[in-house]
Amino acid sequence: MFDPKSDYALNKLDKEAIVCPSTTGIHIRLTCKDFASEAEFQKWKIWSGKNYHQAELTEHVYTVNTLSMTGLSEAATATASAESELICRQEQQEREQLRQVLLAGLDVCLTEKQHRRLWRYIVDGQTVRQIADAENVKHPTIVESIAAAQKKSENF
């Protein structure tokens, strides 16, 4: 990206002077009057242009090949530690084990119909009417079956 306030840009845009930063950081202008001759001024103007251009190219390579983290969200720049990843994997394993226990327990305390209907209702997200239509039974039958299954599972 072209920086119009870079040393290179300021020097290139000012044809009548060599623009360079002073030790205080403020840019100064060296005009032809500051040199012994026009030829000497032109020599140093060409040299400064090449020097600033090379510095600009070096900076350009750096900025093109890097990514600024300014403006990125904290989530985008955060990296998970090895410990966090290990804990996350352990929690997933524990949840899977608990899920297996619950499924086994539900099979013990629920009838096959109650289990199937509760699964369709909670896990598959089907409505009571969809379940009733799929099983070719009346709506209140499904409502009662799911309510009984939920009560049994709460007691379990």
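Analyst: Start with Q114, which lies in helix α5. Keep in mind that this is a predicted model.

User: Why does Q114 count as buried?

Analyst: Buried means under 20% relative accessible area. Q114 has 9% relative accessibility, so Q114 counts as buried.

User: Which residues is Q114 in contact with, leaving aside its neighbours within four places in sequence?

Analyst: Q114 touches S145, A148, A149 and K152. Contact here means heavy atoms within 4.5 Å.

User: Next, the helix pairs. Why are α6 and α7 called roughly perpendicular?

Analyst: The axes of α6 (residues 128-135) and α7 (residues 139-155) cross at roughly 115 degrees. Angles of 65 to 115 count as roughly perpendicular. The two helices are therefore roughly perpendicular to each other. Their axes come within 8 Å, and α6 passes α7 in a right-handed crossing.

User: What makes the contact between them?

Analyst: From α6 come V128, R129, I131, A132 and E135. From α7 come H139, I142, V143 and I146. By class, that contact has six nonpolar, one polar and two charged residues.

User: Which residues make the contact of α5 with α6?

Analyst: R116, R117, R120 and Y121 of α5 meet V128, I131, A134 and E135 of α6. They divide into four nonpolar, no polar and four charged.

User: What makes up the largest nonpolar core?

Analyst: Nine residues: L106, L110, L118, V128, I131, A132, I142, I146 and A149. To belong to such a core, a residue must be buried and joined to the others through side-chain atoms within 4.5 Å. The elements that give two or more residues to this core are α6 and α7. In soluble globular proteins, nonpolar side chains tend to be buried together.

User: Take I146 from that core. What is I146 in contact with, leaving aside its neighbours within four places in sequence?

Analyst: I146 contacts R117, L118, Y121, V128 and I131. Of these, L118, V128 and I131 are among the core residues.

How values were computed:
Residues are numbered from 1 along each chain as its sequence is written. This is a predicted model: local features need pLDDT of at least 70, side-chain atom pairs count only at pLDDT 80 or more; totals for chains, interfaces and linings use all residues. Side-chain values use heavy atoms; hydrogens and water are left out. Axes are lines fitted to C-alpha atoms, for helices over the stretch in contact, and angles run from 0 to 180 degrees between N-to-C directions. Helices (H or I, at least four residues) and strands (E, at least two) are DSSP runs, numbered from the N terminus. Angles under 35 degrees count as roughly parallel, over 145 as roughly antiparallel, 65 to 115 as roughly perpendicular and the rest as oblique. A crossing is left-handed if the near helix is turned anticlockwise from the far one by less than a right angle, and right-handed if clockwise. Ala, Val, Leu, Ile, Met, Phe, Trp, Tyr, Cys and Pro count as nonpolar, Asp, Glu, Lys and Arg as charged, and the others, Gly among them, as polar. Buried means under 20% relative accessible area, exposed over 50%, partly exposed in between (1.4 Å probe, protein chains only).
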